[in-house]
There are 4 protein chains.
Amino acid sequence: MDFAYGPGRNHLFVPGNNENHRTPAITALTKTLLDDVKKIFKTTSRIPFLIPTTVYFLIGQFSLLWIEQQKCLNFKIDVVESEWGQGVDLDALESKLASDKTHTIKAICIVHNETTTCNIIDFKYKYQHPSLIIVDAVSSIGALDFRMDEWGVDVVVTSSQKALSLSTGMGIVCAGPKAIEASKSATSLRSFFDWNGYLKCYNLGTYWPYTPSIQLLYGLRAALDLVFEEGFENVILRHKLVVEWYSASVTAIVGPPNIDSGEIVSRAWKRCNLSLGGGLNKVAGKVFRIGHVGHLNELQLLGCLAGVEMTLKDVGYPVQLGSGVAAASAYLLNNVPIIPSRI
Amino acid sequence: MDFAYGPGRNHLFVPGNNENHRTPAITALTKTLLDDVKKIFKTTSRIPFLIPTTVYFLIGQFSLLWIEQQKCLNFKIDVVESEWGQGVDLDALESKLASDKTHTIKAICIVHNETTTCNIIDFKYKYQHPSLIIVDAVSSIGALDFRMDEWGVDVVVTSSQKALSLSTGMGIVCAGPKAIEASKSATSLRSFFDWNGYLKCYNLGTYWPYTPSIQLLYGLRAALDLVFEEGFENVILRHKLVVEWYSASVTAIVGPPNIDSGEIVSRAWKRCNLSLGGGLNKVAGKVFRIGHVGHLNELQLLGCLAGVEMTLKDVGYPVQLGSGVAAASAYLLNNVPIIPSRI
Amino acid sequence: MDFAYGPGRNHLFVPGNNENHRTPAITALTKTLLDDVKKIFKTTSRIPFLIPTTVYFLIGQFSLLWIEQQKCLNFKIDVVESEWGQGVDLDALESKLASDKTHTIKAICIVHNETTTCNIIDFKYKYQHPSLIIVDAVSSIGALDFRMDEWGVDVVVTSSQKALSLSTGMGIVCAGPKAIEASKSATSLRSFFDWNGYLKCYNLGTYWPYTPSIQLLYGLRAALDLVFEEGFENVILRHKLVVEWYSASVTAIVGPPNIDSGEIVSRAWKRCNLSLGGGLNKVAGKVFRIGHVGHLNELQLLGCLAGVEMTLKDVGYPVQLGSGVAAASAYLLNNVPIIPSRI
Amino acid sequence: MDFAYGPGRNHLFVPGNNENHRTPAITALTKTLLDDVKKIFKTTSRIPFLIPTTVYFLIGQFSLLWIEQQKCLNFKIDVVESEWGQGVDLDALESKLASDKTHTIKAICIVHNETTTCNIIDFKYKYQHPSLIIVDAVSSIGALDFRMDEWGVDVVVTSSQKALSLSTGMGIVCAGPKAIEASKSATSLRSFFDWNGYLKCYNLGTYWPYTPSIQLLYGLRAALDLVFEEGFENVILRHKLVVEWYSASVTAIVGPPNIDSGEIVSRAWKRCNLSLGGGLNKVAGKVFRIGHVGHLNELQLLGCLAGVEMTLKDVGYPVQLGSGVAAASAYLLNNVPIIPSRI
């Protein structure tokens, strides 16, 4: 930061009760944030937007909710369906694109890391088609290796409360030139989420079309500092090490057939003060989920696994107590290096 | 709160990094918030929504921005214009309503407390017309006497960072039955800001259609507690005492004609670490503004006035140092009672 | 608290930079603290002192350090020695007292919960001797069942950073009438730790002979609230359940004979970000210690045990990974009830 | 700091509930603190001690209390008295030293910045006498220009809650080689405040003879960073500018003869939420005091003066409201430069 705050308190008499976002100090802070955010998207050519909302594309269970949302906004949708838990049917996508000779398909929308089923998608899109590629990477960016430029993705959205371990409240969108260009001629209605307000302010150097949460800006600064202090590639490696397949940020466990997984989630909270994720929609009652994204270490995870074991036992499933912890401990012991600065 | 948190840390393994909003504890908290929020809108019959956004209706300078926003969304607008700083031309409104025999006017949209010009509107709407009354009370609710039920207002919007002295990030909307009913048959496009998602969750008792900022929920609880501890009528009285006419939450000062008011704002920050509001749009460069809303007391205000005096002197205006502070001190001494609990 | 703080910031212009401890608000707060502190000592007849220091009687390893300290202050000491780890030789004490016909023994000094060896003492003092009973209960009070009145203890000392889970910085002493009386005629030199300054201020109702840490007072208020919210008997029960014998606040583990226990402590920190206690003095290099006092729950403890297992494996000891966690999980599952407010 | 903390939470299972002070991370932190603390004492040759206490030499009103304390500890005292408010009678001191041919005077004890009378002492000790010079600079160090090495002072004591704007709880002592040497052969009783425990740990590189408040260590790091960010000479200049004569950290105002100054202090708190210092001992009821030390700026001070004016008016003194603020504003405007980083 280039601005010393000087001694004593700031006297805040703007019409509002948060540090004034029109000072040079916040402008300088914003500039560093926009620069650094691009690093976790692995892009140099895209433009980031920090939007005061939970997440732009709502995303609940999550491909499905996205579709619902687009229907609300009168978009024409062609859904490429797969079995839940089976990953994306890329062949079906490819044949759809190939047959779209008139380029009526304007955008391919993909959830990168579907937290409901805990599937992740392998990107190798080199399709001969001018459509935009739009990715919901809400639970990926900041923890997984996402290469926006290399993969040629046009729009990516993430949010503050996942891998960045921040409070809920900030949607982070990165948009490439093709998407920005398309937005200019698009006729879809929009106001609050319109990039134009931002782009005008970026040009003016004022950055904010409306009042940002200063607290989240400071939080984002701290979160990015933690990521870069650990080393972004180390952060990715740490997530990778924990679970080698499927999603690296959340794991879905199919519960015992005779036990409602909702009861497992509820009992974990009551007995162990352990918050697990439930199953949503098609897998409600069938799976429960363990989130393991962001600022987290081995013993926190092992404590969680011990709690899952205790909970399963407690609801009547004949788990061997300690067995999961033992397996995970052995794995971690062999695969996680000592924190380098501590040797 | 009905839930003891028990000893030790919560073990958070949901897919996300904020306290889980699906626990009974947060559900119970949310219920108290929705109940208590209605008190500061002075309504018993309307439904409140806590929306993760800066403000639903953007509102910058602010009637004007609202109009711009509605144009973006393809609404048909009929603007009842007044001179800036002159208040609303209620006669013009009344004659427009009277001549609208076929009820094509669907909503009257009013900014209650226009922070750009620092005008406040006196409500006495008893028009014989079925249109909705929609009010932007962003800088009013929580500090001014706003009587939603008594005045028959259908929709009111406010936000977290004004009179509630919270962080930016939460829009608070209260909607009456007529507005809820109208929203069901309305054909305007909406998704993120759609009340229906909330209403469904209210019925289910889960409250949240998507992830709220738990931090802001706790903050809102604390902010409301402060308001009720001081006494809401005392809070209103305290704001009223400070300035008796025009807006009770912000005051616009017309600067000296030969001095750009932007320079006053800038100098105040540089020299005194004092953040003032600038003039916007038509009054840019002409006025500067002192916000005085929320959790604030006499000496903070007097320090601000001393800083304004120093700044005016510093930019070349021949102010008598101490004169404004003296006038305000005398006023406050005669009109503000001792904090009752301290006698 | 009886004092509302009123709106806005306190303007602090005392000579110092902490909230003024001479206001009625802090006086009222202090009164509630002195009242409530007595509850965790289980006394109604003793007088508590909150002393701005780490701990009055230094206490490191800890009986030993106490003895050293008393020698520095020129006290005559008669040490009743036991094997480390064997508990107190109460028979030896009894015979010493019996043979002291002229009452030259002025005080019996006992460490209640010796954290070095993790022994706890069973109190059943009903000796026919006028000597004072002085107890170091630093790591007991607030977690263990200590009955000052019932056991007839004259002086007890504890500190903020153990079972109360507060910051270091406050020594809490409770003294009965016999001790207060004795202090009046005692000729030992003292100044900073003299009770008289406190007693004078207690009589005046100003409470503080010198500047307390206001932050620690607020902290103590919050810590006591947590204890009483959980229920003090529940807190005692929770500690008891965890380990049934020896100290309920810390456990010493004798390490493998061929491995320096200091290496175990160091490796735990480097590999697992786990802070364990080392062995001190006679047991240095031989034991390591797990503290489990204060605001703590099952999964935190199980995570710790998993880390201890990983660390032992890592330094070459052939531990069965998961075995300790399994045993502890089984025990906790059968013995710890669900948090009542969550059922 | 040389130690990255790594991802996730530290698992704290030492016997105690604060970050373990035996980790290399805290050792490294302590080393930077001891180095940097010397800068605000302006010494390169003395040894600093960070002691978990309010202040070593109690110091209330303050020369007097120091004398009382030394009497408690059986020191022989020869008091060189002056009129309160008249500064030290250095001639009397000089003649006493000159007549002490046998060097029975072991130490000259001086309060540098007597906050009761708000006098400061000008150091020019170049006496031909081997006695130690011991200075209470509690309210000086960190705000005033104190030159330990240049002035040849042997022991200086300050504390955390004055110019450093930290919480109460840390006494900071700096001792030169002559004092350290004298302490070795001194026969006075001491234990808790004995430097030897520290010196042993300094030699071992473990630094702490007993548990420090980790929170205060982090706080001291932040406080020193603020001082060095502003520039220590700038901090001194800022204090100097505010008041040019007498103490630069606190100002005593003789109240109107017919009004108890205690009533002024009490009314300021009740009416204005303004905390002032009262008069102590000989000047109780006669003076009130305004502290102005530490992290403070112009408008905070002007708000305080406005509150003093309101309070004086309120208790019946015919003050001209605004007059003090006007005088101070004019002075500050002419003498305080714009914060350099903001130009």
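1. The UniProt record, in an unreviewed entry, places the feature "modified residue: N6-(pyridoxal phosphate)lysine" at A:K162. In this structure, which is a predicted model, A:K162 is found in the loop between strand 7 (155-159) and strand 8 (170-175) of chain A. With a relative accessibility of 13%, A:K162 counts as buried, because the cut-off for that class is under 20%. Leaving aside residues up to four places away in sequence, A:K162 touches A:V138, A:S139 and A:V293, and also B:P15, B:G16 and B:N17 of chain B.

2. The loop between strand 7 and strand 8 of chain A also holds A:S165, a residue that has a positive phi of about 60° although it is not a glycine. At 29% relative accessibility A:S165 counts as partly exposed, whereas A:K162 counts as buried. A second residue of this kind is C:H103, which is not a glycine and yet has a positive phi of about 55°. C:H103 lies in the loop between helix 3 (90-99) and strand 3 (107-111) of chain C, and its relative accessibility of 34% makes it partly exposed.

3. In chain B, strand 7 (residues 155-159) has 5 of its 5 residues buried, so this strand is largely enclosed by the rest of the structure. In a regular strand the side chains alternate between the two faces of the sheet. For strand 7 of chain B both faces are covered, with B:V155, B:V157 and B:S159 buried on one side and B:V156 and B:T158 buried on the other.

4. The pairing of strand 7 of chain B can be followed to two further strands. With strand 6 (residues 132-136) of chain B, strand 7 pairs in the parallel sense over 3 bridges, and here B:D136 has B:V157 of strand 7 as its bridge partner. With strand 8 (residues 170-175) of chain B, strand 7 pairs in the antiparallel sense over 5 bridges, and B:V156 stands opposite B:C174 of strand 8.

5. Over all chains the count comes to 58 salt bridges. One of them joins B:R267 and B:D314, whose closest N and O atoms are 2.9 Å apart; this pair links distant parts of the chain, with B:R267 in helix 9 and B:D314 in helix 10 of chain B, 47 residues apart. B:R267 counts as partly exposed at 22% relative accessibility, and B:D314 likewise counts as partly exposed at 23%.

6. Other salt bridges lie within one helix. A:K184 forms a salt bridge with A:E181, the closest N and O atoms being 3.8 Å apart, and because these residues are 3 apart in helix 5 (residues 177-185) of chain A, about one helical turn separates them. A:K184 counts as exposed at 54% relative accessibility, whereas A:E181 counts as partly exposed at 49%. In chain D, the side chains of D:D35 and D:K31 meet in a salt bridge at 3.4 Å, N to O; being 4 residues apart in helix 1 (residues 24-40) of chain D, they too are separated by about one helical turn. Both are partly exposed, D:D35 with a relative accessible area of 41% and D:K31 with one of 44%. Finally, salt bridges that share partners join A:K42, A:D145, A:R147, A:E150 and A:E233 into one network.

Terms used
Residues are numbered from 1 along each chain as its sequence is written. Chains are lettered from A and ligands numbered from 1 in the order in which they are written. This is a predicted model: local features need pLDDT of at least 70, side-chain atom pairs count only at pLDDT 80 or more; totals for chains, interfaces and linings use all residues. Side-chain values use heavy atoms; hydrogens and water are left out. Buried means under 20% relative accessible area, exposed over 50%, partly exposed in between (1.4 Å probe, protein chains only). Helices (H or I, at least four residues) and strands (E, at least two) are DSSP runs, numbered from the N terminus. Two strands pair if DSSP finds at least two bridges between them. UniProt positions are given in the numbering used here, feature names are shortened, and annotations may be inferred rather than shown by experiment. Contact means heavy atoms within 4.5 Å. A salt bridge is a side-chain nitrogen of Lys or Arg within 4 Å of a carboxyl oxygen of Asp or Glu.
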